[in-house]
Amino acid sequence: LTHCAAGPQGVELAGRIVNPLGRIPADAKLGARLDFTPRRKGLKSFSFPVAEVRHDGDGISWRAGADLARKLRPLGVLDAVWDVRCVLTANAIPLVN
């Protein structure tokens, strides 16, 4: 994660994923989504599409907006911890472990 700020449409996020040894070719069609998973049991996970994904030298840069107010129902301190994961796809194949 290289950028996180409040914006007019919710949270603005950006990041960079390293591409060691050029494993993801420059001509690959890239896509991504942000998966939000609660650490507290009983709450639902949700995703937002990543608006911009591009090759950036020896890495892949991405930028997304997430309208969290639309997805989260306020529970107060119980909603404090969520895990966020950027799931990258190259030529429609997810690149996750």
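Which residues is Trp 62 in contact with, leaving aside its neighbours within four places in sequence? I looked this up before anything else.

**Entry: ground rules**

I am working on a predicted model, where local features need pLDDT of at least 70, side-chain atom pairs count only at pLDDT 80 or more, and totals for chains, interfaces and linings use all residues. Residues are numbered from 1 along each chain as its sequence is written, and side-chain values use heavy atoms, with hydrogens and water left out.

**Entry: Trp 62**

I took contact to mean heavy atoms within 4.5 Å. With neighbours within four places in sequence set aside, Trp 62 is in contact with Leu 1, Leu 13, Ala 14, Gly 15, Arg 16, Ile 17, Leu 34, Val 50, Glu 52, Val 53 and Cys 86.

**Entry: confidence and layout**

I checked pLDDT, the predictor's confidence in each residue from 0 to 100. The protein chain averages 87, and 90% of the residues score at least 70. I counted 1 helix and 8 strands. These are DSSP runs numbered from the N terminus: H or I of at least four residues for helices, E of at least two for strands. The order from the N terminus is β-β-β-β-β-β-α-β-β. Among these elements, helix 1 (residues 68-71) has the lowest mean pLDDT, 82. Strand 5 (residues 52-56) has the highest, 95. I also looked at contacts between residues at least 6 apart in sequence: 60% of them join residues at least 24 apart.

**Entry: the core**

Buried residues make up 31% of the 97 residues in the chain. A nonpolar core is a set of buried Ala, Val, Leu, Ile, Met, Phe, Trp, Tyr and Cys residues joined through side-chain atoms within 4.5 Å. The largest one has 19 residues. Ile 24, Leu 30, Leu 34, Phe 36, Val 50, Val 53 and Trp 62 have the most contacts inside it. Strand 3 (30-38), strand 4 (46-49), strand 6 (59-66) and strand 7 (82-90) each give two or more residues to this core.

I found Val 53 in strand 5. Not counting residues up to four places away in sequence, Val 53 touches Leu 30, Gly 31, Ala 32, Ile 60, Ser 61, Trp 62 and Leu 88. Its C-alpha atom is 9.7 Å from that of Gly 15, 38 residues apart along the chain.

I found Val 84 in strand 7. Val 84 is partly exposed, at 46% relative accessible area. Beyond four places in sequence, Val 84 is in contact with Leu 34, Asp 35 and Phe 36.

**Entry: positive phi**

Which loop holds Leu 21? I placed Leu 21 between strand 2 (10-18) and strand 3. Its phi is near 60 degrees, a positive value in a residue other than glycine. Leu 21 counts as exposed because its relative accessibility is 86%.

Asn 91 lies in the loop between strand 7 and strand 8 (93-94). Phi of Asn 91 is near 55 degrees, also positive. Asn 91 counts as partly exposed, at 47% relative accessibility.

Notes: Buried < 20%, exposed > 50% of the residue type's maximum accessible area, 1.4 Å probe, protein only.
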